[in-house]
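Colleague: I'd like to learn how to read a model like this one, feature by feature. Could you take me through it?

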2 protein chains.
Amino acid sequence: MRLSQFHLHTSKETPAEAEIVSHKLMLKAGMIRKLAAGLYTWSPLGLRVLRKVERAVREEMNAAGAIEVLMPSVQPKELWEETGRWEKFGGQLLKMQDRKEAWYCYGPTHEEVITDFARNELASYKQLPVNFFQIQTKFRDEIRPRFGVMRAREFLMKDAYSFHLTDEDLGREYKNMYDTYGRIFTRLGLKFRAVFADTGAIGGSASHEFHVLADSGEDAIAFSSGSDYAANVELAEAVSPGPRAAAAEAMHKVDTPTQKTCEDVAALMGIALQRTVKSVALMGEDAEGNPQFVLALVRGDHVVNEIKLSKLAGLGEYRLATEEEIDQHLGSEPGFLGPVAPKKAIRIVADRSVAAMADFVVGANEKGFHLAGVNWGRDLPEPHEVADIRNAVEGDPSPDGHGTLGIARGIEVGHVFALGRKYSEAMKLTVLDNNGKAAAPAMGCYGIGVSRIVAAAIEQNHDENGIAWPEAMAPWQAVVCMINPKNDAAVSEAAQALYRELNAAGIETALDDRGLRPGAMFADIELIGIPHRVVVSERGLAAGTFEYRHRLASEAENLDRAAVLSRLAGKA
Amino acid sequence: MRLSQFHLHTSKETPAEAEIVSHKLMLKAGMIRKLAAGLYTWSPLGLRVLRKVERAVREEMNAAGAIEVLMPSVQPKELWEETGRWEKFGGQLLKMQDRKEAWYCYGPTHEEVITDFARNELASYKQLPVNFFQIQTKFRDEIRPRFGVMRAREFLMKDAYSFHLTDEDLGREYKNMYDTYGRIFTRLGLKFRAVFADTGAIGGSASHEFHVLADSGEDAIAFSSGSDYAANVELAEAVSPGPRAAAAEAMHKVDTPTQKTCEDVAALMGIALQRTVKSVALMGEDAEGNPQFVLALVRGDHVVNEIKLSKLAGLGEYRLATEEEIDQHLGSEPGFLGPVAPKKAIRIVADRSVAAMADFVVGANEKGFHLAGVNWGRDLPEPHEVADIRNAVEGDPSPDGHGTLGIARGIEVGHVFALGRKYSEAMKLTVLDNNGKAAAPAMGCYGIGVSRIVAAAIEQNHDENGIAWPEAMAPWQAVVCMINPKNDAAVSEAAQALYRELNAAGIETALDDRGLRPGAMFADIELIGIPHRVVVSERGLAAGTFEYRHRLASEAENLDRAAVLSRLAGKA
């Protein structure tokens, strides 16, 4: 592609409405233009990248044995009523009425439509297993669309739906899709993690999210240094840091007149925050359903995990205790609470890390005082109830026993679900099994945010000059820049010859023949993130060299034609 | 592709809801499944064909210098109000409100969006000309969606929009797109015609429709045997059949007591219908705007063309004359009208063919009588007003002077428009011209109904056994059918080897390894329209041959391996 014939339209200004780097860079590079809130037109440049992602996804899905279909984006209300989702899906569902006043929605997902399709298509177990996928436009009416195509309302998605006679076979395909997703993101050149996900709301039996790692990611992910283990920080199991040390101090009262937080107490005492214990007073229910006061203990540097707490017996719908309830059970006011000598017998839940502490600091249940040198089994009974009730943190042992946890931020770009029979049963999809009996197939569903990947890749791959595409996602692998202020025929011909030669060698190459000054030309090329830049100039030609630079290299090199070709060989 | 791994799902039954052959065959072949009125899911088989069309369109558009973009399908009301089309577009526009109660529509076309995009993207004449295209899902809320994907509500369209500083440059790109469309339909293997179209309603300066020819087509097209001339029958110019012969008969009255139509009179008299003249009594307006009685004359075998009539002075909003008005001007009742000796002086408009007639038959303006042997200039004055007021018919001289007209039926699958400045002016799109002055660019728009082409191709290419795809649109060029009731390893291996060999030679080949009986297998293969079928059987292997048959051949041939390969060579 000659850039003089391509509608490249970059901008120097940083757009005010863009909050995150990918949105800023996509606007500056002219990859997208906003039509309305959450609605973007993909420019020629942006679409080139989007199509690369689409092609990689399609080819890997085909290679994995999935079969492509194309379902309508407009879906009738009746189908959504069969699963109860017409109401339950909520405000994200964009609803509309046709000229006959029949209701439809713009599909945010296609479980209903594919299950209806399957009702017509699938009659026998002999047609199973089958995995249908499509790459298609979806709409979700976000409350606050923002971040450009990262959270657009209209977006491009790959969604796949598989059908199986047995749960075991669903498990096999789940693994197949899990592996396929890994191949897709690896092929795209992205650093990613498959993250174990909570499936509560969807009711499936297994679920993993695929996250592209980027500092700006919305989700914190705990991952192991020694294995594939990764989970959302809120879901990652936080294990005990190791055995409890022996008591070394005597328990003693510390004067903490205004110090109500662990941080303040540690600072006053000049000790590490890890030696303090945070006491959180809650109200749950006992076995008879009566209100029950609970003191939850986590280490001062840890954060209580509400999801984990709510899974404990009696804490399903817990709330924070009131000051009155606290005084009633502990005889103190908030800021000085602790598990030692409560006013009444109370339920104490100690995090695993707290159970492993010795010589720790807790509130004294007396205004203005904390206790230091506290030890289990000596100053208070051994904890009856030890549980994982905190967020995992960097440095924790990995729950699978291999390595320690690091914390990274990620952007969710894919999701695999073992759905089970939720949709097949709700919509009465059955096939005849090998005994001639009607059976509801088990289903899996597998999504990839195709347009979102483009933004996520930028979040992961950029610097102060712009985007730095992974090879596989770049609009072109290479660009030949022609510096030719005098309109020298030799420079023109050499640039065009190299451009043709690189393309003929299978390296997708653009020719920057727009006639810009070198500074402006190079700034554009860096902004739009072409991995390999080769400059053809009069001076270079005189020396028999081209100036080559990788997008992320700090220096350019002067290479002759053969060296340029060999440097780019293998990038095709 | 092994068909045992592909979700092929044909049906023997002819679906009751399908009215036209393409709809029937697409349902029987399992290419599409209905989701709701005018909404279809494309099955794996259907999508393979749709993608072939899409790829051909995309590649030819790219080769023609157009640049691909992707615009949202959901469009804000505000843009449509700028052009007045929010109201004017009518019931086909599917409107919806988002969660903030802002109005949007599902785009039926993208003139507004691309013009808005251009307002942001185009600032200088140096960026022109440019032609943006997309291949994207559209929605038109048809009153009566039917004929499957031929007139679906949601459909796939290629739409392109070009921008130009001058009308001349628009004309150049119009020609470029016209030629590109010809290449697309030729490449797809379709018989088609580019048809000159009426542009009245859209207000453009030039417009052609591209029709795939098929007996079931909705539109009648007049086309020349000696040139590229083609036009909708209603718009084709009907020229005079030649010079008038000399008068040979005397005018005489004929007794036609109950014969009120030309057909009845010709039958009674035993003469050709072409020798009669039909007199149609109309009321138009004279130059002062007063009602004016007009007698329009066309040959008995011709049909009056209302569009052509309405373009004549004073006939813009004509109506048929009442019996009272007829009696007042001609002194007769309908069925016996004629131009000879009217009661009052009247305006007579003679079709060109009528002006060239001699010895013709007309009504006598007297109940129960016609006049025969009538001649211009002798029995009535030479016609003052001769005009083209009839539909062209088969055998007419082509209006461009080359050959004669044939009439064919066509299905509109493409349309090119020179829009002019309608949208750029309405939406205040300007660029700076080479004098630094703001100028509204001239625009062209160019559409192709990608999904409709699939149905149109079937209308043109089928027989009683099913679809007979043109090579370029077939889901696979060839299929290797394995007849192997005994599970003979040699048959299996030979079939797989041939299948691999054909694919390696670039011939897209399927392997029918589903294990069906030959009759059922062949019926499926004929129904889905694979051009080349090669059968591998035990008997054939024993003789060292494969059975080859082209989809449209009446007989199969036994060919050895080399002959099969050479027969299919060049089909890649």
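Colleague: How much area do chain B and chain A bury between them?

Modeller: First, the ground rules: this is a predicted model, where local features need pLDDT of at least 70, side-chain atom pairs count only at pLDDT 80 or more, and totals for chains, interfaces and linings use all residues. Residues are numbered from 1 along each chain as its sequence is written, chains are lettered from A and ligands numbered from 1 in the order in which they are written, and side-chain values use heavy atoms, with hydrogens and water left out. Now, buried area is the accessible area (1.4 Å probe) that two parts lose on being put together, summed over both. Here chain B and chain A bury about 4500 Å², with 60% of that on carbon and sulfur atoms.

Colleague: How many residues does each chain bring to the contact?

Modeller: Contact means heavy atoms within 4.5 Å. By that rule, chain B gives 53 residues and chain A gives 53 residues. Of the interface residues of chain B, 100% are also interface residues in chain A, so the copies meet through the same surface.

Colleague: And how are the two copies related?

Modeller: You superpose them by least squares on the C-alpha atoms of residues with pLDDT of at least 70 in both. Chain B goes onto chain A with an RMSD of 0.2 Å, using a turn of 179° and a shift of 0.1 Å along the axis. The copies are therefore related as by a two-fold rotation axis. In chain B, Met96(B) has the C-alpha nearest that axis, 2.5 Å away.

Colleague: How many salt bridges does the rule find across the interface?

Modeller: A salt bridge is a side-chain nitrogen of Lys or Arg within 4 Å of a carboxyl oxygen of Asp or Glu. The rule finds six of them between chain B and chain A. One of the pairs is Glu121(B) with Arg33(A), at 2.2 Å from N to O.

Colleague: Which parts of chain A does the salt bridge between Arg144(A) and Glu19(A) tie together?

Modeller: In that pair the closest N and O atoms are 3.5 Å apart. Helices (H or I, at least four residues) and strands (E, at least two) are DSSP runs, numbered from the N terminus. Arg144(A) sits in the loop between strand 7 (130-139) and strand 8 (154-164), and Glu19(A) in the segment before helix 1 (21-28), so the bridge ties together parts 125 residues apart in sequence.

Colleague: What about the backbone: which peptide bond is cis in chain A?

Modeller: Most residues other than glycine have a negative phi, and most peptide bonds are trans. The bond from Leu128(A) to Pro129(A) is cis, with omega near -5°, and Pro129(A) lies in the loop between helix 5 (111-121) and strand 7. In chain B, the bond from Leu128(B) to Pro129(B) is cis too, with omega near -10°. As for phi, Asp359(A) has a positive value, near 50°, and lies in the loop between helix 10 (352-355) and strand 18 (360-366).
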